[in-house]
Structures are given as C-alpha cells and as structure tokens.
Amino acid sequence: MSAAVAIECRGLTRSFGSGETIVQALRGVDLQIHAGQVTLLVGPSGCGKTTLISILSGILRKDGGELRVFGENPESYTERQRTAWRAHNVGFVFQTLNLVPTLSVEHNVALPLILQGMATREAFARARAVLAALELADRAGIKPGKLSGGQQQRVAIARALVHEPRLLVCDEPTSALDAENGHRVMELLVSVGRRSNRALVVVTHDARIYSFADRILRMEDGRIVEDSSLVHQP
Amino acid sequence: MIRTALEMLLGDRARYFGLVVGLAFATLLITQQASIFTGFTERTASWIRDTGQADLWIMDTQTEFTEDRKPIQSNALQRVRGVAGVEWAVPMYKAYIQVRLADGTRRNVRLVGIDDATLAGAPPVMLEGRIEDLRQDRAVIVDARDVNDALRLTRGLNGAGPRPLGVGDRIDINDQDAVVVGVAQRSVEFFWDAVIYTTYSRAVRMAPRERKLMTFVLAKVSPGADPEEVAQRVAAATGLAAFTSQGFEDLSKGFILRKTGILENFGVTIMLGFVIGVLVAAQMLHNFVVENQKSFAAMKAMGASNGYLLRLVSVQVGFAAVMGLGIGLGIAAVSGHFLEQSGLAFRMTWDVVVLGAAGILVCCLLAAAFSLRRVLKLDPAVVFKG
Ligand SMILES: Nc1ncnc2c1ncn2[C@@H]1O[C@H](COP(=O)(O)OP(=O)(O)OP(=O)(O)O)[C@@H](O)[C@H]1O
Ligand SMILES: [Mg+2]
C-alpha cells in the first residue's frame with residue numbers, strides 16, 4: 001500500500017453550541033486518507049461522519065487539531081479563498097442530491113465548471129461528454145425532476161466529477177436507492193472515481209456497499225475506532 | 001452566469017409569472033396615476049398654451065391663476081408698450097359673466113375679449129367661420145365642445161328639440177345682444193365653464209360697469225430679447241406682475257395643486273403603487289430565495305462565492321423588473337390611450353416613465369436587499385443535512 005497521502009489530520013475536534021447544550025461532534029480524529037482508494041466512513045447516527053467530511057472538504061471549520069488536504073491547509077484560508085479552493089478541488093455528492101430543479105440536467109452538471117469561471121458553452125460541452133459517459137446523453141436537456149432516482153443519482157455523480165476534483169466526498173449516496181440501484185451507483189462511483197490522483201470518501205450506513213471499499217473507517221462518538229483495509233475484488 | 005440566472009428564474013414558470021405580474025401591477029399603478037396627474041396639471045395651463053402668440057402675461061400682482069380676475073387700469077397697456085424689449089402689447093378681457101341662450105338656457109361663461117386690431121389671443125383652431133368674423137357687428141365665437149355641453153340649447157327653439165348652439169344663433173350676454181359667427185376649438189382645460197370670444201372693446205361694453213376692466217396685457221418680446229429679462233423690466237416699470245408663459249403656467253399649476261389637494265390625492269395613490277410594488281416584489285423574491293435555498297447552498301458548497309450569488313440574484317431581479325416594467329408601462333400606455341379617448345386627462349411623459357422605472361427599481365432593490373441577506377448568510381454546511 002504505497003498510495004500518496006491525500007488527506008492527513010491529527011487531533012481534529014469540533015463542537016456545536018455552547019454551555020450546557022454543547023455537543024462534541026469530533027473528539028480528536030487522527031486520520032490518513034490515500035489517493036487512488038475508496039474510503040468508506042461508517043458508524044452510528046450522530047457519531048460525527050458528516051461533520052468530519054464537512055471539515056475535510058473545506059465547508060466547515062475545525063475547532064482544534066491539524067489538517068492537511070493535498071498538502072494545503074484550507075483552514076488557513078479566508079472564506080473567499082476556501083470557496084475558490086472548493087470550486088477547484090472538491091466534488092460533492094450530497095445525500096439529498098441538491099440538483100437545482102429549475103436547471104436542465106446538463107446545466108446542473110456544468111455548474112462546477114461555470115463556478116470555476118469557464119465559458120458556458122465549453123462547460124456545457126464538457127457536461128454533455130460526462131453525461132454521455134454515464135449513459136445519460138439523451139437526458140441532457142430535461143429537468144432533473146423528470147428522472148428516476150437512480151438517474152438523478154448518476155447526474156449528481158456527473159456533477160461531482162465534471163471538473164476532475166482531487167477530492168470526491170459522498171454523503172450516503174445509496175441510502176435512497178434500492179439494492180440494485182445502490183449497487184450500480186457504487187459501481188459507477190468506483191469506476192469513474194477511483195483515480196491515482198483522487199481521494200474518494202464515502203459516508204454510509206449501508207452495509208451492502210462495503211464490498212466496494214478499499215478501506216473502511218468506523219467512527220463512534222466523535223472518534224475513529226476501527227480502520228480496516230480490505231483487498232478490493234473487482 | 002447570466003444564462004444560469006435566467007434559466008433558474010424562468011425554470012419556475014408560476015413563480016416567475018407571479019413576480020412579473022406583481023411588478024407590472026405596481027408599474028401600472030405608479031405610471032397610470034402619474035400620467036393622469038400629469039394630464040390634469042397640464043390642463044390647468046391649457047389656456048396659456050392656447051394663447052401662444054404672447055411671450056409675456058402682465059396682470060395684477062395679486063392674481064393667482066388663469067381664472068383669477070383682479071382687473072388692472074387700462075393705462076397699463078401704454079406703460080407696457082413703453083418698456084424696452086417689448087415688440088407689441090395688447091389688452092385682454094377675461095371674466096365670468098351671465099349669458100342667456102335664445103331658448104332661455106342660462107349659464108355662467110367666461111367672456112374673453114381679444115385685441116380688436118390684431119385679434120391676438122384668439123383660439124388656436126377655427127372649425128367654423130373665421131376669426132376675422134369677430135369684426136362683424138355683435139359677433140362672438142364659441143367653442144366646439146361647449147356647444148354640445150354648457151352652450152347646448154337644452155330646451156329647444158320654437159318647439160324643436162334640444163340641439164347644439166350654432167353659427168347664426170343669438171346669445172344674450174349681460175342684457176346685450178350677440179350673435180355666433182364661428183366655432184373654435186380649444187384644448188381641454190382643467191376648468192369646465194364655457195368660453196365665449198369677442199373683441200376687447202365689445203367685451204368691455206358688454207361687461208358690467210367697473211372702474212377697471214382690463215384683465216391681462218399680453219406682450220411679445222422683440223426678437224433676440226430674453227423674455228425673463230423683459231418680464232422683470234415690465235414688472236419694474238408698471239408695478240404689475242409680469243410672467244413668461246412658462247412662469248404663468250407654473251403659477252397657475254402651483255395654485256391649483258395647492259387648493260385642490262390633487263397632488264396629495266395622486267401622491268397617495270402613487271405611494272400606494274410603490275408600497276404594493278415593494279411588498280409584492282419582496283414577497284415573491286423572498287419565496288424565490290426560500291424555494292431555491294437548497295440550490296443556493298449547494299452552489300455555495302460547490303464553490304459559488306457570495307459575490308457570484310449576489311450577481312446571480314441581481315440578474316434575476318433585474319430581469320424580472322425589466323419585464324414587469326415593460327408590461328406595466330405597456331398596459332398603462334394602452335389603457336391611457338383609451339382613457340384619453342374617453343376624455344380623461346392622461347399624459348405619459350418621459351418623466352412618468354422615469355418615475356415608474358425608478359419606482360420599480362427601488363422596489364426591487366429593497367426587496368432584493370431583504371432576501372439577499374438570507375442568501376449571503378446561508379451556511380453551505382446545510383447541504384449535508386437531510
Ligand atoms: N450545525 C449543528 N449544530 C448543532 N449540532 C450539530 C450540528 N451539526 C451536527 N451536530 C451534532 O453533532 C453530532 C454529529 O453530527 P453529524 O451530523 O456529524 O453525525 P453523522 O455521523 O453524520 O450522523 P448521521 O448518520 O445521522 O448523518 C450530532 O450529535 C449532531 O446533532
Ligand atoms: Mg450525516
């Protein structure tokens with residue numbers, strides 16, 4: 001196992017609220033995530049999974065500890081710089097997808113490129129290429145609401161990958177899908193997402209998809225309690 | 001960015017439609033009322049504009065508007081003529097007077113006496129007869145609208161039914177016999193009493209005996225002279241008030257607006273349009289932002305800066321504002337056309353259009369400021385919440 005270290009953190013902490021109602025969401029997370037691997041983050045509800053990937057992807061700030069993502073420390077950036085950093089380095093697949101319902105499928109997929117400042121025409125062309133690769137070419141012009149759940153999930157994946165991010169974070173990508181669709185989505189995610197220069201972090205409750213992981217990190221109560229590297233079987 | 005903004009906006013047809021209709025309605029309220037207001041106030045000065053031959057209006061210093069009669073001494077005419085820069089000056093008589101039509105119909109009219117020699121101060125358009133016919137014995141000219149209205153023979157002559165007054169009909173003016181020799185057309189005025197034209201000397205003969213009879217002196221300034229300056233010189237030389245046409249127009253308008261409360265009435269409606277515009281726009285925009293909250297948050301997570309979202313929403317608001325403004329102005333103009341045909345004062349000047357545009361712009365800015373705060377404060381971390 002000699003893959004490059006993509007993300008490294010030590011003693012990461014984060015709490016919400018204050019006084020009596022304070023919630024310690026992260027209580028010191030030590031972690032290395034490697035590029036070229038599919039890392040699953042599992043654990044009971046409320047253990048801090050979402051909080052952790054929010055910090056890793058530069059959406060949420062940590063309270064304490066150290067963090068390096070591709071050698072950079074997004075925590076040291078201003079809000080504006082962090083926003084720009086996310087635009088260039090991170091792809092997201094949200095649990096609720098969050099496709100923009102009023103925009104066409106191709107426009108949704110083109111968004112990360114448009115947000116990077118790419119000309120709309122070129123962004124659309126790239127979006128269509130990615131959609132074609134995901135067998136969604138004929139859906140490019142319609143609104144996401146007209147697609148099935150599995151298709152919407154694939155659109156969300158297309159959007160997460162269109163700008164070739166170095167970090168791809170997925171929060172519960174299969175929880176809303178049945179076994180077959182969940183399987184297909186994971187297959188797709190792994191086939192397009194696993195690149196030597198990319199780290200793929202998937203938060204899940206779904207034991208059915210463990211087999212896709214190169215590595216499974218189990219969290220409990222704000223800490224990583226188990227780290228199992230698996231031999232991936234294609 | 002613009003394409004994204006518009007596609008997002010237009011993607012939700014119902015909401016977009018509501019926003020545009022709301023803004024169009026506000027535009028309509030603001031511009032229609034402002035146009036009617038402009039039309040009304042313009043009519044307060046129709047008289048002055050119809051009497052376009054003169055540059056200066058000279059009158060008693062206490063005169064407050066066009067129908068306000070504070071007669072001056074007739075030697076004022078000679079004194080005005082003596083002021084440097086005055087090319088010519090003529091007298092004008094204008095006063096309310098009792099008339100009786102041949103069938104016994106009694107009215108209060110405004111009798112206007114214009115200079116015998118030059119006929120300066122005549123109505124702008126003659127429909128029947130010629131203005132020179134005024135030089136005939138006992139001649140008067142009436143107005144085309146009045147003959148169907150205040151000067152209509154309501155009882156009818158010799159058993160015939162009611163009919164408009166016409167050329168050849170006799171009128172008793174303050175117990176003096178007069179005969180209609182022509183029909184003129186004046187602009188619609190704010191005031192409604194009928195106008196009867198005759199010569200100055202005849203008007204003075206017909207009028208009740210008074211020590212002073214002249215109402216105005218009308219003057220033309222020499223070519224190249226500045227009317228304002230000449231007006232000041234006339235005022236200084238005569239001790240009377242001397243206005244340029246525009247100055248007299250402003251005086252009359254100001255007086256009528258103050259006395260009638262027209263300004264306040266229209267002001268209230270225009271403000272109401274504005275408030276409705278703000279409320280509708282704010283409500284619609286707020287809904288739009290709330291509806292798209294998740295999308296905006298997702299875009300923030302994916303790297304959209306606050307500046308980007310600000311521009312995005314601005315384009316959306318601006319587009320809706322322009323559409324609403326265009327539709328509102330269009331409806332106002334078309335409805336105004338018909339209102340005008342039915343006799344209502346309606347003048348959609350550029351000022352009105354600018355006012356409408358400014359009103360809608362402010363509506364949208366206020367509304368946008370209100371809902372944009374929400375977008376800017378949005379925490380991208382909400383995208384991970386279920
Ligand atoms: N914005 C917040 N404000 C207050 N408390 C929060 C906030 N976000 C998370 N928490 C709390 O922090 C803890 C960890 O939350 P987190 O969402 O990271 O858990 P999770 O492992 O993703 O859970 P789930 O599997 O249910 O999604 C929880 O107790 C949660 O209530
Ligand atoms: Mg979670």
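User: Why is A:Arg198 called buried?

Analyst: This is a predicted model. In the model A:Arg198 has a relative accessible area of 3%. Buried means under 20%, so A:Arg198 counts as buried.

User: What makes A:Arg198 and A:Glu164 a salt bridge?

Analyst: Their side chains meet with N and O 3.1 Å apart. The cut-off is a Lys or Arg side-chain nitrogen within 4 Å of a carboxyl oxygen of Asp or Glu, so A:Arg198 and A:Glu164 qualify. A:Arg198 is in the loop between helix H6 (179–193) and strand S7 (199–203) of chain A, and A:Glu164 is in the loop between helix H5 (149–161) and strand S6 (167–171) of chain A. The two residues are 34 residues apart, and the pair links distant parts of the chain.

User: Is A:Glu164 buried or exposed, and how do you know?

Analyst: The relative accessible area of A:Glu164 is 54%. Exposed means over 50%, so A:Glu164 is exposed.

User: How many salt bridges does the structure hold over all chains?

Analyst: There are 34. One of them joins B:Lys94 and B:Glu67, at 2.9 Å from N to O.

User: Why are B:Lys94 and B:Glu67 placed in the class they have?

Analyst: B:Lys94 has a relative accessible area of 4% and B:Glu67 one of 11%. Both values are under 20%, so both residues are buried. B:Glu67 and B:Lys94 also belong to a network of salt bridges, whose members include B:Arg110, B:Asp143 and B:Arg186.

User: What makes B:Arg138 and B:Asp177 partly exposed?

Analyst: Their relative accessible areas are 30% for B:Arg138 and 34% for B:Asp177. B:Arg138 and B:Asp177 form a salt bridge, with the closest N and O atoms 2.5 Å apart. B:Arg138 lies in the loop between S4 and S5 of chain B and B:Asp177 in strand S7 (residues 176–185) of chain B, so the pair ties together parts 39 residues apart in sequence.

User: Where is B:Asp133 found, and why does it count as buried?

Analyst: B:Asp133 is in the loop between strand S4 (125–128) and strand S5 (139–143) of chain B. Its relative accessibility is 11%, and the limit for buried is under 20%, so B:Asp133 is buried. Leaving aside neighbours within four places in sequence, B:Asp133 is in contact with B:Ala139 and B:Val181.

User: Why are S2 and S4 of chain A said to stand at the edges of their sheet?

Analyst: The open sheet has 3 strands in the order S2-S1-S4 of chain A, paired antiparallel. Strand S2 (23–34) and strand S4 (64–69) each have a single partner strand, so one side of each is left without a neighbour in the sheet. The twist averages 15 degrees from one strand to the next.

User: How do you know that S1 and S4 of chain A pair?

Analyst: Strand S1 (residues 5–16) and S4(A) share 5 bridges in the antiparallel sense. Pairing needs at least two bridges, so S1 and S4 of chain A are paired. Among the bridge partners are A:Glu8 and, in S4(A), A:Arg68.

Terms used: Residues numbered from 1 in each chain as written. Chains lettered and ligands numbered in written order. Predicted model: local features only at pLDDT ≥ 70, side-chain atom pairs only at ≥ 80, totals over all residues. Heavy atoms only, no water. Helix = DSSP H or I, 4+ residues; strand = E, 2+ residues; numbered from the N terminus. Buried < 20%, exposed > 50% of the residue type's maximum accessible area, 1.4 Å probe, protein only. Contact = heavy atoms within 4.5 Å. Axes fitted to C-alpha atoms, helices over the stretch in contact; angles between N-to-C directions.
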